[in-house]
Amino acid sequence: MSTDRVIGIDISGKCLDIHILPEGMVKQYANDVMGIREVFELAKEVEANLVVMESTGGLEVALAAECALAHIPTVVMNPRQIRDFARSMGRLAKTDTIDAEVIAPFGAAVHPEPRALADEQASRLKALVARRRQVVEMIVSERNRLMRARRLVRERIVSHIEFLKQELSDIDGEIETAIKESPLWREKAERLRGVPGIGTVSCVTLVSELPELGKLNARQISALVGVAPMNRDSGAYRGRRSIWGGRAGVRRTLYMAAPSARRHNPVIREFYERLAAAGKPGKVALVACMRKLLTILNAMMRDGTSWKPQLSLASRQ
């Protein structure tokens, strides 16, 4: 049995439920400043080798940051991975205590690699990008409502759309300022914007939500984003490959960028036409273009080079 001490933490708005392996110790603290301090002090006291928690829409940020500042190896995991692991153990019930009891064995069995957390500036940029996405979705929803609205409420919807458009403009200004204030981000943004098919929104999303760009190989970055095709094979059966998981925001951005790249980027256009000529369905070819585009961007960031059409031919795995 492993002697590594792994702490699994389930985070809710009010409580932090703790499960410590190999002892099986169970504790609960309030999810406030005092409770967070008690958790990382406990982690230091038991000399935890790893602290694992789920991504919970931002509730985990304060605790993860405190653990990182205390130099405790900390991992924030995708909840889907935790639930899949729980099902594999036959743990179908779901409570905060049970979740903590699953997260700890997950950490002990999988040993996910701790990664450096985003600094305050990067977290701010990521929050702005997420908010921008929400505002765009609200504008689309209001425009759809406007087409079916009665005259009584049309003025209110139009007024709200104008307000949201101004909010979107303000957010774009803050994002642009944040990038200009960081020499590293400014350099990355300028390099990315030079690639045909990568617009302002794609550029900002990649800078803020994919800091690993250029630090992993092509296969790793594709898996991280969720554009690597997954096998569906069993015995003689060969299932259809599909993509799933990863970072939905980045994947959605690449999906929006791929059609533009197919039209304006000579490398992606040639790649798409070659796949189409081979009989690949349009959506399959487009997903392959997403992966190809990501591979090119990753190679550029890794090598510190600007866009050149020949780059994709020389990009190394």
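**View 1. Val129 and the residues it touches.** Leaving aside residues up to four places away in sequence, Val129 touches Ile175, Val204, Thr205, Ser208 and Glu209; contact here means heavy atoms within 4.5 Å. Val129 sits in helix α5, residues 120-148 (helices are DSSP runs of H or I with at least four residues, strands are runs of E with at least two, and both are numbered from the N terminus). Is Val129 buried or exposed? Val129 is buried, because its relative accessible area is 5% (buried means under 20%, exposed over 50%, and partly exposed in between, with a 1.4 Å probe and protein chains only). Asp172 is 43 residues away from Val129 in sequence, and their C-alpha atoms are 8.7 Å apart in space.

**About the model.** This is a predicted model, in which local features need pLDDT of at least 70, side-chain atom pairs count only at pLDDT 80 or more, and totals for chains, interfaces and linings use all residues. Residues are numbered from 1 along each chain as its sequence is written, and side-chain values use heavy atoms, with hydrogens and water left out.

**View 2. The open sheet.** Five strands line up in the order β3-β2-β1-β4-β5, with mixed pairing (two strands pair if DSSP finds at least two bridges between them). At the edges are β3 (25-30) and β5 (74-77), each pairing on one side only.

**View 3. Strand β1 and its neighbours.** Six bridges link β1 to β2, and these two strands run antiparallel. A hairpin of three residues connects β1 to β2, and Asp10 has Asp17 as its bridge partner in β2. Four bridges join β1 (residues 6-11) to β4 (residues 50-54), and this pair runs parallel. Ile7 stands opposite Val51 in β4, while the bridge partner of Val6 in β4 is Leu50.

**View 4. Two faces of β1.** In a regular strand, side chains alternate between the two faces of the sheet. Which residues of β1 point each way? Val6, Gly8 and Asp10 point one way, Ile7, Ile9 and Ile11 the other way, and all are buried.

**View 5. What lines the largest cavity?** Lys188, Leu192, Leu206, Val207, Leu210, Leu213 and Met301 do (on a 1 Å grid over the protein atoms alone, a cavity is a set of points where a 1.4 Å probe fits but cannot get out, and lining residues have an atom within 4 Å of a point). The elements giving two or more residues to this lining are α7 (183-193) and α8 (200-209).

Note on methods. 1 Å grid on protein atoms, 1.4 Å probe; cavity = no way out; pocket = protein on both sides within 12 Å on 5 of 7 lines; lining within 4 Å.
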